Amino acid sequence: MTYTSFEFFIIYFGATYILYTIFPPKAKWCVLLTGSLLFYFVASSGHFGFLIASAFIVWAVGVLIQKLNDSFAQKKKLVPKEERKQLKAKYKNYKLAVLSLGVISNIAFLLVLKYANFFSLTINTVFSANLPELSLIQPLGISFYTLQAVSYITDVYRGRYKACKNPLKITLYLSFMLTVIEGPIARYDQLGTQLGNGKVFRFKDLISGAQLVVWGLFKKIVIADRAAEFVNNVFDEAKFDNSVIVLVAILFYTLQLYCDFSGIMDVVNGLGEMMGIELPKNFNRPFFAKSVNEFWQRWHITLGGWLRDYVFYPISLSKPFMKLTKGARKKFNPYYANLIPTAVALFFVWFSNGMWHGAAWKYIVYGLYYYILMMVGLFAEPLSAKVCQKLKINRKSKGFAMFQMFRTFIIVNVGMLIFRADSLKSAAAAISAVFSNPDFSVVTIGRKNGLGLDVWDYVILLAGVIVIFAVSVLQERGIHIRERIAKLPFAVKFVIYMLAIFIVIILGAYGEHYGKADLLYANF
């Protein structure tokens, strides 16, 4: 079941939404919990035991840490000042032990269920061992709800907010139907508190959210699912004998992944907005980025934010790394002295980024690919600035900005190739094919060429890209399109809404000529 299916819109979200608007505010969270668990149970074919186990552990750990926080707050008033430091250290150790238990338990679920066979295969290959392959079922959305679980108990430990005493509300936070499959990865203070406090129905939210849903469906069903036909026919059959086909397939996959993932994020954000629930933003027009670092600040924003707050900062602010920073400052100039410890900490961030995406070496290489390029850019920055100054290149000019965007786009497409290829060997073959002799005669228009698309498919894709680009440019300039549409006369708005809905229905890539297109990030 996907967020674009008829069953989801009518049976699960539809029924939940109607009941959510009817029930009183204090009982609305019960409606969301019931609908979410039912949806998850059906979508995961009944495999929801690990989700419930994670929710119970997270609730228990949070409550215990909160009790320790409250106990320390009371006892510190009763002891002399000179003893408070020791008392604080004692309670900190207690809390750290409880936090470690909660984090290790949830990460262990993820490592065993998602990565056990990857680890055993790697050990068998490297050490010629004979570890058996396990028959394990990866719970739906485990990569997403595990990160939310870790962020919750960590934030309670840090005192960012108090623990929730209701285990059912914690279960709702982890299993919420709009975030459990593909994210966004929301913090408890971003999402959990909203889910627990029922929102009053507003017609404005209904219309605004529905607009975003239709826009997301356009990107997913009309563009992404259509591009998938070409991409799958090239990569699944390893048709890497022509540079033109490979280059088009790479570009189409970049288009597919962006429209698939960002389109679904628009759908779930729109559905949340219809309920009055604001979900965190996950995309911010990433292809306007001028560097790899900026690209990842605009692409899958909630994952990047999670890795920053729960991997990068804990490592870079730890005592060993503080010592490393002090040592570097004695041997290097200030720029490199600060960069060297940062580079070490970022290695763990990008390694984790790759591992999170999947149990395969290609994903690890994918993460380290961006890490290496980012490090090269940061270490070469002083030299790059001097070269531009000597050549009298204005780095703040529009021309240089366009060059940076184009350069970043090329880098991202190479990363997308690694991400899409079935293996590192397949990725290497595709990269090699890019530099082979081009043969334009194989790119004939029609389904009989084995690439899955006809002339109208290409026309629709081109028109779709133009529309998405135009909308992105307007948004980049600070123009709020939905707000502009809302201010139009009713007759004009009605025509726009109907036109948008019919475009999705009529031009959607479904039916006998198209294969089944699952949600790409639901596999992670």
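My notes below go through salt bridges, a surface patch, a helix pair and one tyrosine.

**Before starting.** I am reading a predicted model, and I kept that in mind throughout.

**Salt bridges, the count.** How many salt bridges are there? I got 16 salt bridges. As a reminder to myself, side chains of opposite charge can pair when their charged atoms come close.

**K220 and D260.** I looked up this pair and found a salt bridge, with the closest N and O atoms 2.6 Å apart. K220 sits in helix α8, residues 203–235, and D260 in helix α9, residues 243–274, so the bridge ties together parts that are 40 residues apart in sequence.

**D457 and R226.** Here again I found a salt bridge, and its closest N and O atoms are 2.6 Å apart. This pair links distant parts of the chain: D457 belongs to helix α18, residues 455–476, while R226 belongs to helix α8, and 231 residues separate them. I then checked the accessibility of each partner. D457 has a relative accessible area of 1%, and R226 has 3%. Buried means under 20%, so D457 qualifies, and so does R226.

**R420 and D236.** These side chains also meet in a salt bridge, at 3.0 Å from N to O. R420 is in helix α16, residues 398–420, and D236 is in the loop between α8 and α9, so I noted another link between distant parts of the chain, 184 residues apart.

**A network.** Which residues are linked in a network of salt bridges? I wrote down R285, E294, R298 and E476.

**Nonpolar patch.** F406, I410, V414, I431 and F435 make a nonpolar patch of about 500 Å². Which helix gives the largest share of the patch? My note says α16, with three residues. F406 is found in that helix, α16. I also checked why F406 counts as exposed: its relative accessibility is 54%, and the cut-off for exposed is over 50%.

**Helices α5 and α6.** Two packed helices are described by the angle between their axes and the distance between the axes, so I looked up both values. Helix α5, residues 142–158, and helix α6, residues 167–175, pack at about 135°, and their axes are 9 Å apart. That angle makes α5 and α6 oblique to each other. On the α5 side, the contact is made by Y145, Q148, A149, S151 and Y152; on the α6 side, by I170, Y173 and L174.

**Y369.** My last stop was a tyrosine in helix α14, residues 361–379. Is Y369 buried or exposed? Y369 is buried, with a relative accessible area of 16%. Leaving out residues up to four places away in sequence, Y369 touches I411, V414, G415 and I418. V414 was already in my notes as one of the residues of the nonpolar patch. I also looked up how Y369 relates to K330: the two are 39 residues apart in sequence, and their C-alpha atoms are 30 Å apart in space.

How values were computed. Residues numbered from 1 in each chain as written. Predicted model: local features only at pLDDT ≥ 70, side-chain atom pairs only at ≥ 80, totals over all residues. Heavy atoms only, no water. Salt bridge = Lys/Arg side-chain N within 4 Å of Asp/Glu carboxyl O. Helix = DSSP H or I, 4+ residues; strand = E, 2+ residues; numbered from the N terminus. Buried < 20%, exposed > 50% of the residue type's maximum accessible area, 1.4 Å probe, protein only. Patch = residues over 30% accessible without salt bridge, like charges linked within 9 Å, V, L, I, M, F, W, Y side chains within 5 Å. Areas by Shrake-Rupley, 256 points an atom, 1.4 Å probe, with all protein chains shown as cover. Axes fitted to C-alpha atoms, helices over the stretch in contact; angles between N-to-C directions. Parallel < 35°, antiparallel > 145°, perpendicular 65-115°, else oblique. Contact = heavy atoms within 4.5 Å.
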